[in-house]
Amino acid sequence: VTTADWRIPLTERGREQARSAGRKVASQLCYGSLKGSDSEKHDVVRDDDDDDAGQDGSSGPDSKTRKGKIFFYFSPYLRTRQTLREILREIDPECIVGIREDPRIAEQQFGNFQSHHSIQDNKATRSDFGRFFYRFPDGGESGFDVYNRVSGFIGTLRRDSDDLLDSGPSSSSSSPSSSASSTLEDDGMTICIITHGLSLRLFLMRWFQYSVHEFERSYNPKNGRVVVLKPSQDGGFKLSEVDRIAMGFPLYKKQERFRLMDDYSLLDKTRW
């Protein structure tokens with residue numbers, strides 16, 4: 001292997017799928033109507049590399065939708081940069097508040113210039129050991145390492161949100177976060193994060209406080225899938241039902257952190 005993982009480009013198929021994802025992201029920017037219907041904005045998190053079709057963003061023939069604003073965060077990997085490039089082809093430039101690279105949402109590190117054979121062997125060992133705590137050899141990371149860095153990224157999202165709210169929705173120098181979803185919803189703001197499968201799952205694990213066992217039972221989304229976090233009534237965000245089921249995460253009230261309050265025997269459980 002002579003090409004570093006972070007320098008691997010998208011295929012032509014991947015570019016087509018990124019454009020399709022861009023159309024879906026663009027549809028999320030249409031909200032409310034000039035006739036006074038309720039607005040619904042989203043925090044959009046997407047995986048890089050490949051596939052998902054767009055959806056209709058119209059609100060009906062008798063209403064005119066308004067276009068919201070969007071801020072992008074992206075992994076520095078070439079394929080995520082190229083994914084963002086294709087998404088931007090589908091977005092009205094006037095909607096874009098800002099674009100920022102952040103290495104903390106990069107792919108899990110598997111070690112330098114690893115052969116395909118060694119990576120497959122290591123992944124087989126990881127399946128037996130556990131995806132969260134297994135550390136790839138020769139400079140690689142564990143899921144726990146990725147969890148820690150995306151936790152820091154979430155802190156940045158929250159601080160950026162405060163900056164946006166202090167400076168007002170018209171500011172182009174501040175970047176938004178999902179820490180105050182109701183306010184960002186009112187301002188018609190969407191956050192789009194272009195990241196990778198495992199990093200996305202660990203972001204969701206940290207955000208929704210899923211346990212290690214719940215993470216171990218979850219799955220990466222399909223390549224290129226747009227995963228949507230919608231504003232909830234309590235002022236936070238909720239993972240869309242379609243995405244929650246596709247990735248194997250539990251219902252909110254079924255999470256282990258709640259069930260532990262009624263069943264301490266879960267602390268002794270060794271198989272899930």
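In these legends, Ala, Val, Leu, Ile, Met, Phe, Trp, Tyr, Cys and Pro count as nonpolar, Asp, Glu, Lys and Arg as charged, and the others, Gly among them, as polar. The model is predicted, so local features need pLDDT of at least 70 and side-chain atom pairs count only at pLDDT 80 or more, while totals for chains, interfaces and linings use all residues. Residues are numbered from 1 along each chain as its sequence is written, and side-chain values use heavy atoms, with hydrogens and water left out.

Figure 1. A pocket is an open set of points on a 1 Å grid over the protein atoms alone where a 1.4 Å probe fits, with protein on both sides within 12 Å along at least five of seven lines; lining residues have an atom within 4 Å of a point. Of the 24 lining residues, Phe208, Ser232, Phe237, Lys238 and Tyr252 are the closest to the centre. By class, the lining has nine nonpolar, eight polar and seven charged residues. At least two lining residues come from each of α4 (143–167), α6 (197–208), β8 (237–239) and α8 (241–247); helices (H or I, at least four residues) and strands (E, at least two) are DSSP runs, numbered from the N terminus.

**Figure 2. Gln255 and its contacts.** Find Gln255 in the loop between α8 and α9 (256–259). Is Gln255 buried or exposed? With 1% relative accessibility, Gln255 counts as buried (buried means under 20% relative accessible area, exposed over 50%, partly exposed in between, with a 1.4 Å probe and protein chains only). Beyond its neighbours within four places in sequence, Gln255 is in contact (heavy atoms within 4.5 Å) with Phe208, Gln209, Tyr210, Glu214 and Pro250.

**Figure 3. Gln209, a residue with positive phi.** One of the contacts of Gln255 is Gln209, found in the loop between α6 and α7 (212–216). Gln209 counts as partly exposed, at 47% relative accessibility.

**Figure 4. Asp138, in another loop view.** Asp138 lies between α3 (116–129) and α4. Phi of Asp138 is near 60°, and this residue is exposed, with a relative accessible area of 56%.
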